[in-house]
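Me: I am new to this structure and would like to go through some of its local features. Please show it before we start.

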Amino acid sequence: MAMRITRRRLLEAAGAATVAGALPQLPQAALAQDAESHGLSTFGELALPPDFPHFAYVNPKAPKGGLLTVQIKRGGGNQSFDTFNTLNTFVLQGDGAAGMDACFDSLMAGSGDEPGSVYGLLAKSVAVSADKLTYRFRLRPEARFHDGSRVTARDVAFSMNILKAKGHPSYRLLLNELVSAEAEGDDIFVAKFSPKRGRDLHLVVAGLPVFSEKYWSTRDFTASTLEAPLGSGAYKVGRLEQGRLIEFERVPDYWAKDLPVNIGTNNFDRVRWEYFRDRQVAFEAFKGGAITFQEEFTSRIWATGYDFPAVHEGKVKKETLPKTEPVGSQGWVYNTRREKFADPRIREALGLAFDFEWTRKNIMFGSFERMTSYFENADSKAVGKPSPEELKLLEPWRGKVPDEVFGEPFLPPVSDGSGSDRNLLRKADEMLRAAGCKRDGNVMKLPNGQPFEIEFLDSSPALQPHTQPFQANLKRLGINATSRLVDPAQYQRRLDEFDFDIISRALSGGSIPSDTLSIVYGSEAAKTKGSRNVGGISHPAIDAMIETIGQAKTYADCVIAAKCLDRLLRAGRYWIPMWWNDEEWLAYWDMYDRPATKPKYSSGAPGIWWYDAEKAKRIGKA
């Protein structure tokens, strides 16, 4: 299903650039020149043997059946949280529907116990050249699209080439060092990489969706469409109502249902994604049973909203689980392309006006912790002064980056909790003046003489209670801070065009940092419209650290470089950090069951759960 943790897409996201004609079948001896493996990993070690039966955290006998109804809470690529108008989620055009990746298989699939490792799905095995620049994937002859046609190496080559040429900007940036993607017969797909390749590019290619070349030969890959594309995954598109709901039906004769990477997963007959433009309306839908599984992110609702009959009657369960995986980053992001945010002193001064302590107590019911790092709850978080290993990477940049990078990493200040800390506002005023701003009566003016005005752009009012007190403090500094709420389509267009002052942004974390961070913090992404580097972060030292992360040969080396990156990003004052939760808040109608063991790096909910008919009958949901 779309939420399964055993398949990890790198994005939460055709005509030209295809491989023309069939090439001669590769002789068996040619493939055998390099050792074949049943999987790939970041640092070369796989935890599971070639004959592993299934992942340890699944129930291999989990029954199939039932309906799971959810609301989109995480997105990527062209997806919107509030609506959809296309089923092509792999390009820039349109607002993509949730859950579409469940329709497409990839060459290999990941494990929730083992970050940075993938095991065979479409590909039975892979042979790697000694220089690690050529990867030959041997496809399973039984792999099939939903129309019964075979998935061939030509389909894989087509998919990689079309994503590189015409895919969403994030795909194009990720595949920049993919030199060629070709088919050698029906069963061997060959990916060749540049010597400048990042460490994990082979995992990127192994995890990308595979499309049907024949299907797309008569269609425009870049266009929006509500025609369900031909896929080969465990689900296919069923009922849909544009902008309101989309339902996926489990494919009963799914060709890969008995593969080790799939055993115990894809257990629901139907998965439905419901769309709501208002969070309160969505919560009412959950209370009424229209949504059956809820991952809660709003402290007010978690603290006060679950006092309704279905909870008291035991029909709805509420659980708090410890968060074991990195949490990523969340904050208000400046568009540093705009002159008024060019000076980091101005950016820091604005951040002093946000009183987290007051917000936590008065709005968030004492929940959440202040976010301080881009790698919160992870080994990669920078703490204390740089280690000798970190200094070795940072020293070449001394004098070109803030001196702070070589000391304690930046921490946002702790306020007095009054909501308007005079000492912090006084310091903010001093920093603004030091940066060339001037106060003219009640108006703060920028160094260029223009009044300092800031627009907070959003498509949802959910953060207004948190933002308005912050804006009130900015107005005390003489800054005219306002909010603009626009519809989801306009919001996405403005983000793609980098047409905003400040937005709120949440990004998911990963257990092993990789050079895919370049699509969020890299200089090339900063000038690529539609990229995820919405803040315009562009600095050669940051690029260098991301490259070092991508070239790291061990996890320890990777973490050292990521800590350096964290120091550089925090020293740049590119955001106003918000908050994070060290718990997962789950609520669901008691009609599901789950394995006794959860994955090491997530709750597994609801991707490895299943429908329990007896439970559903007891609560009247059968």
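Me: In which loop does asparagine 266 lie?

Reply: The model is predicted, so local features need pLDDT of at least 70 and side-chain atom pairs count only at pLDDT 80 or more, while totals for chains, interfaces and linings use all residues. Residues are numbered from 1 along each chain as its sequence is written, and side-chain values use heavy atoms, with hydrogens and water left out. Helices (H or I, at least four residues) and strands (E, at least two) are DSSP runs, numbered from the N terminus. Asparagine 266 lies in the loop between β11 (245-250) and β12 (270-274).

Me: What is the phi of asparagine 266?

Reply: Most residues other than glycine have a negative phi. Asparagine 266 has a positive value, near 55°.

Me: Are α9 and α12 roughly parallel or antiparallel to each other?

Reply: Helix α9 (residues 344-351) and helix α12 (residues 422-434) pack at an angle of about 165°, with their axes 8 Å apart. Axes are lines fitted to C-alpha atoms, for helices over the stretch in contact, and angles run from 0 to 180 degrees between N-to-C directions. Angles under 35 degrees count as roughly parallel, over 145 as roughly antiparallel, 65 to 115 as roughly perpendicular and the rest as oblique. α9 and α12 are therefore roughly antiparallel.

Me: Which residues line the second largest cavity closest to its centre?

Reply: On a 1 Å grid over the protein atoms alone, a cavity is a set of points where a 1.4 Å probe fits but cannot get out, and a pocket is an open set with protein on both sides within 12 Å along at least five of seven lines; lining residues have an atom within 4 Å of a point. α9 and β22 (575-577) each supply at least two residues of this cavity's lining. Of the 14 lining residues, the closest to the centre are Glu348, Gly351, Phe410, Trp575 and Pro577.

Me: Which helix gives the most to the lining of the second largest pocket?

Reply: Among the residues closest to the centre of this pocket are Leu173 and Asp515. Helices with at least two residues in the lining include α3 (169-174), α4 (201-207) and α17 (540-551). The most, 5 residues, comes from α17.
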